[in-house]
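Visitor: Please pick one part of this model and take me through it closely. I would also like to know what surrounds that part.

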Amino acid sequence: MKKLLYIFLFFSSFLHAHVIEVGANKPVKSIKKAISLAKIGDTILVHKGVYREGNIVIDKRIVFLGKGYPVLDGQKKYEVLSIKADSVVVQGFKVIKSGYASLEDPCAIKVYNKSHVVIQNNILDDNFFGIYIQNGKNCLIKNNTIVAYGKEEQQIGNGIHCWKSENLQIIANTISGHRDGIYFEFVTNSVIWRNISTNNIRYGLHFMFSNDDAYITNIFKNNGAGVAVMFTKNVKMFNNYFEENWGDGAYGLFLKEITDSYIIGNKFSKNTSGIHMEGTNRIRIEKNVFEANGWAMKIQASCVDNEIVNNNFIGNTFDMGTNGSLVLNKFNTNYWDKYEGYDLDKNGVGDVPYHPLSLFAVLVENNPSAMLLFRSFMITLLDKSEKVLPSITPDNFIDNSPLMHSLPL
Amino acid sequence: MNRIIKIIFLDILKNKIILAYTLILAILSWSSFGLEDNSAKGLLTILNIILFTVPLVSILFATIYLYNSTEFIELLLSQPIKRKKIWLSLFLGLSLAMVLAFFIGAGIPLLINAPDSVGIMMLIIGCLITLVFVALAFLSSILTRDKAKGIGIAIMGWLYFALLFDGIILYLLFQFSDYPIEKAMIVVTAFSPIDLARIQILLHLDVSAMMGYTGAIFKDFFGTSLGLLLSFSLLCLWIIIPFFISLIKFKNKDL
Amino acid sequence: MIEIKNIYKKFGKLEVLNDVNLSFKKGECIALIGPNGCGKTTLIKSILGMVIPSKGDILFNEKSILKEFKYREQIGYMPQIGRYPDYMTVGQIIEMIKKIRNSDQVLDEDLVHAFQLEKIVDKQMRTLSGGTTQKVSATLAFLFNPEVLILDEPTAGLDPLASEILKEKIIKEKEKGKLILITSHLLSELDDLITQIIYMQDGTVHFHQSIAGLLESTNEQKISKAIAKILKNKSNEQNH
């Protein structure tokens, strides 16, 4: 990769684009000076060292390269890099200590209303916001490592914050310790792929009013409240991992006011709630694995016309939770490890329907303290009798063709 | 003392009921672990064994054994042995045999199929629950000379801890659901050894659910090392206090 | 050797022992007699520490036995009805008691041979007849050569032959200078054994006399008649 880059640089010099080198023992010592010297299409190559130059503004179409991860230090006062030109490339820097907690949301790297900006292979450490795309188009944010050490929501910004943008690609970044790992608001036609978002204070991914996006093969682990996807339609959520999002009001995936979306091939493991749905319509939840969650799914009464098919429910404390008695969602051919039916015709589908909502789940919904009694002999008796003669749980909360064996997912 | 413990221990091991108990535990555990490729179902089965079967068998078997040993106790009393020693030997012999039965029946499959913190936790708690109900058996058998009455007391005791106590808690929870009674409930659980045991296992088995809602309150209390220490000490008190009361009564008993 | 001082015992409301004072010395063979329910067995069990008196004290070799147990090493006890763990064999019982006592004394196995217990060593206790069980009890009482023998109705249930063997054994031990305490209601059996007699009724001691003194004071030849005479006199006194 690097070799290719150098070859590219070598040839680009023939195209009358210059390389301006910045470093302690180079002719140009300051980055700001180099930018002022640069012409459109030039490359600025910054050598190893610590650069404390306050706010650096890139206002020309240039390639801004770091060699050996030169440090850009914001000294907790400044926004470090402001990109105010199209098609800028920022690569190979270590950006640290942006200013924090002020009205203008100081960032490590911020893009102002531009397109085709590439931000890749950077290390961002201890910044208020990490990368901020404001009104950007066709930008690529790739292979960045973004770390912060936030302790409270108010004291820290988001890792990758995208607002009112379109056609973004967020690929293979690692984010931890921010408020939200990745934040999308009014962002459309974008893809979030192969990112790892862990240990953020609020959400691993926070997603609002952002239609027609996809997020694929990401890992969201141990975030304060998991992942929230809200007020959005046409989202595709494929092959993601939602793990160990624990706590009161913590969810693997929190869906609110979502329509016409797909949740396919994800794994929800060890979350307090795997998926929590409110006001969610026409969603297809398919081929997911729900494993060792407190509640695999909580479907509130405001959810209509969702299809839950071909999922594996294994080792969850409760398979389902709900706050209402009206059920307008479909469950079909899922594997439930708590299913105790039989399969006389040996077609792999159980002959009696499965009721995924247990009496105790309803009791706990009404009175959370009752959790204290879980797995006691008396509760087991109550649950069993409810299974035989449903009286409190809605009897159309049902999977008519539960599978006998788990799906190979 | 060792000689008497050995005599009692060997006598119980020859007992067919204890063999059947071990065998049934083993069949239940092995079959439920073998049923599926994950250990969840097996763990649940063993949880139910610990909360249901172990207390029942421990208290019933120990009570009946004590009544059947009246002659033996009389024989020992005419010998130069301290009363305390006789009673303690009986307790230790019985406990040892019951714990061994639990260990062979449920503990070994547990250690083989779930050799993690949950498995070890369940093993320790199963042994403690065995001891608690053996101790309660000593108490119930010293309360009355009448064998039928004594067994009745034992069964009532078991029924109370296994079923009625939780019923009362459920009733209280719904009666006072408008008040913040979670903390009070933590205190109340100390009054039932089965609940203490159950919550400790729950915190390991259903950790994801216990992290949410009020579960977090219990987790914050019982899940800390202090809470763990406290519940184990409470379980130990549930062994020591009933046995100690029975010991005092035995010391002053006329035979 | 044994002194009983102001013993009271109540079972609930029932007064079983009421201010009993007695003392027994070495070499004596004492018969403890009285009607059923007069407190004989309770008295014996008090000495053995199986029944704890409500009031009073018992001294064994001038030491209180309350909360003590060691003194029982010097007592051999044969209960009225021996009750043993059902599933243990005769051999196991004897072995077990040996283990429990753990004494290095020479064992007195006279009765084992005399009763021919070797033949039934492998029999379970529950299969034995009452008489055979008594034989085992008697054997155990004498096995450790104790200084004091307490025999509760020793000959009840034994066949005449076994009864005779036991009596001979008692006489033999008496001659060794041991203290022997026997309860019985069949007086004639005791005639040639005993040196002293205690008569109890309703939890109190009616009289405690040596045989010689008793016969002399009543001018009778037989113990049973002497006792009958005393009782008659007493009841007459009460009637007047």
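Guide: In chain B, an unreviewed UniProt entry annotates "transmembrane region" at residues 12-33, 45-67, 87-112, 118-139, 151-174 and 226-248. UniProt positions are given in the numbering used here, feature names are shortened, and such annotations may be inferred rather than shown by experiment. The model is predicted, with local features requiring pLDDT of at least 70 and side-chain atom pairs pLDDT 80 or more, while totals for chains, interfaces and linings use all residues. Residues are numbered from 1 along each chain as its sequence is written, with chains lettered from A and ligands numbered from 1 in the order in which they are written.

Two of the annotated spans can be described by their secondary structure. Helices (H or I, at least four residues) and strands (E, at least two) are DSSP runs, numbered from the N terminus. Residues 12-33 of chain B are 91% helix and 0% strand, with 28 Å between the end C-alpha atoms. For residues 151-174 of chain B the values are 100% helix and 0% strand, and the end C-alpha atoms are 33 Å apart.

The close look is at helix packing in chain B. Two packed helices are described by the angle between their axes and the distance between the axes. Here the axes are lines fitted to C-alpha atoms, for helices over the stretch in contact, and angles run from 0 to 180 degrees between N-to-C directions. Helix α5 (residues 83-113) of chain B packs on helix α6 (residues 117-143) of chain B at an angle of about 155°, and their axes are 9 Å apart. The angle makes α5(B) roughly antiparallel to α6(B); under 35 degrees counts as roughly parallel, over 145 as roughly antiparallel, 65 to 115 as roughly perpendicular and the rest as oblique. The crossing of α5(B) past α6(B) is right-handed, a term used when the near helix is turned clockwise from the far one by less than a right angle, with anticlockwise giving left-handed.

From α5(B), the residues that make this contact include Phe91(B), Leu94(B), Met98(B), Phe102(B) and Leu110(B). On the side of α6(B), Met122(B), Leu123(B), Cys127(B), Leu131(B) and Phe138(B) are among them. Contact means that the C-beta atoms of two residues, placed from the backbone, lie within 7 Å. By class, this contact has 14 nonpolar, five polar and no charged residues. Ala, Val, Leu, Ile, Met, Phe, Trp, Tyr, Cys and Pro count as nonpolar, Asp, Glu, Lys and Arg as charged, and the others, Gly among them, as polar.

α6(B) also packs against helix α7 (residues 147-175) of chain B, at about 145° and with the axes 8 Å apart. This crossing is again right-handed. Leu136(B), Ala137(B), Ser140(B), Ser141(B) and Leu143(B) of α6(B) meet Gly150(B), Ile153(B), Ala154(B) and Gly157(B) of α7(B). The classes are five nonpolar, four polar and no charged residues.

Next, the neighbours of chain B. Of the two pairs of chains that touch, chains A and B have the most contacts. Chain A contributes 29 residues and chain B 30; the side of chain A that touches chain B has 14 nonpolar, eleven polar and four charged residues. With chain C, the contact takes 17 residues from chain C and 17 from chain B. Helix α2 (residues 90-101) of chain C supplies the largest share of the side of chain C that touches chain B, five residues. That side has eleven nonpolar, no polar and six charged residues. Chains A and C share no contact, and their closest C-alpha atoms lie 37 Å apart.

Chain A has four helices and 38 strands, and its C-alpha atoms fill a box of roughly 85 × 40 × 30 Å along the principal axes. Of its 409 residues, 47% are buried; buried means 20 or more other C-beta atoms, placed from the backbone, within 10 Å of the residue's own, exposed 12 or fewer, and partly exposed in between. An unreviewed UniProt entry annotates residues 155-341 of chain A as "domain: Periplasmic copper-binding protein NosD beta helix". That span of chain A is 0% helix and 58% strand. Helix α3 (residues 359-366) of chain A has Phe360(A), Ala361(A), Val362(A), Leu363(A) and Val364(A) as its buried residues, and their cover includes β36 (318-321) and α4 (377-388) of chain A.
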